[in-house]
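Thanks for coming. I have one structure today, and I will keep it short.

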Amino acid sequence: MIASIQKSFSITSQDPDVAQLILWLNEHIHCRNTYDSYHVVIYRFYLWMKTNNLNLKVLSRTDILEYIDFLIAPDPDWCGERHHFSSSCWRPFYKPLTIPNAIRNYNIIRLAFKYLHNNSYLLKSPITCKLRLNYPTQSTNYKLLSKKQLLLINTHVENMPQETFLQKFRYETIRWVFALLYYTGCRRSEISNAVMSDIKYSRTGWWLNVVGKGDKPGRIPVTDALFRALLRYRKFLGLSDYPGQHDVRIALIVRSMCNYSKVSDEFIYRTVKFVCSGLAAELKESDPVNSAIFSKVTPHWLRHTSATHQVDAGIDLRVVQQNLRHSSISTTMRYQHTSNDHRFEETNRKFNTRN
């Protein structure tokens, strides 16, 4: 059923709903990250709508609320491992959405309905107010790694085979990917789209220029540790020590040394999952707690980890806000806490008295 509807969501579709939704999507075509994000949300909504024999003109607010419930607890047949969109194994969900993500989906769909109403395709929008979910409040439990856990990852990577050129290439790429994610706090799309010439020197040092959410430009300091990792990676690639304008066609993370082409953000996701899943399997018997944690790690964990460790290191919150490119300081303030590992060690060391 999903596969048959999947094929109907295209520019050649005879369904007028599809034409209108694609028209709305194309309003964001010049903001690639926004376009890709909105496409996933609206396409998944379209699948659900057609599966339930609905169309845009008959939808009610009750239908929309049912869809939000569905996002939080989707049918198991709609869930599966990540596959390319063209694969018959592709499913709309990797896992159920969290409540904040469900609300985000709702707000994006509301934007689409407002556009279709303003364009006179709909007489009225079934979504006219903000969503208020009567669900238990979820605790703010950021998915992050301690410094000990980062060390376990580094040790695991260092033990990878490096006998053949392909093994060495994979090893150096993995080292560089993890260094970038941790020391910059970047989203995977930001570093997958970057090129070497995006690293520039200014009066204060080296900076990485990225394009973030909504195609907003950002500038991130390249720390000494990250710069050492950069020099190592460039040396392996056979490049000169320092990046410059001559590197405009060389990807920040190289897919192939034949043409120095870019990797996809999916490649970064799979790289992190490959490493952490391998480490989880390695620790399954000896350290089941960490094994369970590493089995869930994604690239975004490194962003949370970077933010938390920057705050824990005493870096001014306003600086961390700029480094992470948060639009609001309140977002950054959520990381203003001491990690549980550090809290345990501090309490144990200073409050470990005997009766």
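In what order do the 3 strands of the open sheet come, and is the pairing parallel or antiparallel? The order is E1-E2-E3, and the pairing is antiparallel. Before going on, the basis: this is a predicted model, where local features need pLDDT of at least 70, side-chain atom pairs count only at pLDDT 80 or more, and totals for chains, interfaces and linings use all residues. Residues are numbered from 1 along each chain as its sequence is written, and side-chain values use heavy atoms, with hydrogens and water left out.

Back to the sheet. Strands are DSSP runs of E, at least two residues, and helices are runs of H or I, at least four, numbered from the N terminus. Two strands pair if DSSP finds at least two bridges between them. Strand E1 (199-202) and strand E3 (217-221) are the edges, each pairing on one side only. Between E1 and strand E2 (residues 205-211) there are 4 bridges. Tyr201 stands opposite Trp206 in E2.

Overall, the protein has 15 helices and those 3 strands. Of its 355 residues, 44% count as buried, meaning under 20% relative accessible area with a 1.4 Å probe, protein chains only.

Trp48 is buried, at a relative accessible area of 5%. Beyond neighbours within four places in sequence, Trp48 is in contact (heavy atoms within 4.5 Å) with Leu54, Leu59, Asp63, Glu66, Tyr67, Phe70 and Trp78. Phe70 is 22 residues from Trp48 in sequence, and their C-alpha atoms are 8.9 Å apart.

Definitions and conventions: Buried < 20%, exposed > 50% of the residue type's maximum accessible area, 1.4 Å probe, protein only.
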